[in-house]
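Open the model in your viewer and keep the selection tool at hand. Each stop below says what to pick and what is there.

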Amino acid sequence: MNSILLKFKNFGLFELLAILSAAYVVFMLAWTFKLINSKKINLKMNNIDLKNRTAIVTGAAQGFGLAISERLINSGAKVIMWDVDGETLKKSIKKINNPKLSFDSVLDVTKFDKVSKEIEKNIKEHKKIDIFINNAGIS
């Protein structure tokens with residue numbers, strides 16, 4: 001025990017606090033993983049009931065837009081995916097492979113006329129748009 005204390009004498013207060021903090025984090029992580037493995041913690045996300053809702057997500061082919069689209073579909077919404085990148089949009093649609101993915105459109109959201117026509121078309125087909133996620137990045 002004395003040899004351990006001698007090793008810590010060379011450290012300042014800041015270093016000792018950093019070591020104790022790191023040890024605490026490791027302990028808490030180990031304890032959390034133990035609880036997860038014992039099924040005492042449920043890591044499922046809350047589900048929002050979006051049945052009978054229609055959503056449009058712009059910039060939906062990848063990144064946040066794709067994740068948002070998947071989350072809306074898993075919550076029961078019909079999702080219309082818009083993106084300017086047609087190839088990536090096709091790959092994303094194949095990845096999702098869900099009948100609630102009701103429509104997709106290759107669309108540049110900087111073109112107001114095309115966006116207006118697409119919204120009118122979607123309203124005719126789905127009767128309403130309940131959710132609009134404007135995620136597309138414009139550069």
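This is a predicted model: local features need pLDDT of at least 70, side-chain atom pairs count only at pLDDT 80 or more; totals for chains, interfaces and linings use all residues.

**Stop 1: helix H4.** Select residues 86-96, which form H4. Now highlight Gly 86, Leu 89, Ser 92 and Ile 96, which are buried. They lie on the same side of H4, because they cover an arc of only 120° around the axis. Residues three or four places apart point the same way, since an α-helix has 3.6 residues a turn.

Turn to the face away from the buried side. Glu 87, Lys 90, Lys 91, Lys 94 and Lys 95 are exposed there.

**Stop 2: the ends of H4.** Pick Asp 85, which caps the N-terminal end of H4. One of its side-chain oxygens lies 3.4 Å from the backbone nitrogen of Glu 87.

**Stop 3: from H4 to H3.** Show Lys 95 and Glu 70. Their side chains form a salt bridge, 3.5 Å from N to O. Lys 95 is in H4 and Glu 70 in helix H3 (residues 63-74), so the bridge ties together parts 25 residues apart in sequence. Lys 95 is exposed at 56% relative accessible area, while Glu 70 is partly exposed at 26%.

**Stop 4: a salt-bridge network.** Select Arg 53, Lys 128 and Asp 130, which are linked in a network. Asp 130 meets Arg 53 at 4.0 Å, N to O. These two sit 77 residues apart: Asp 130 in the loop between helix H5 (112-126) and strand E4 (131-133), Arg 53 in the loop between helix H2 (13-37) and strand E1 (54-58). Asp 130 also bridges to Lys 128, with the closest N and O atoms 3.6 Å apart.

Terms used. Residues are numbered from 1 along each chain as its sequence is written. Side-chain values use heavy atoms; hydrogens and water are left out. Buried means under 20% relative accessible area, exposed over 50%, partly exposed in between (1.4 Å probe, protein chains only). Helices (H or I, at least four residues) and strands (E, at least two) are DSSP runs, numbered from the N terminus. The arc is that of the directions from the helix axis to the C-beta atoms. A polar contact is a pair of N or O atoms within 3.5 Å; within protein, one must be able to donate a hydrogen and the other to accept it, and residues adjacent in sequence count only if both atoms are side-chain atoms.
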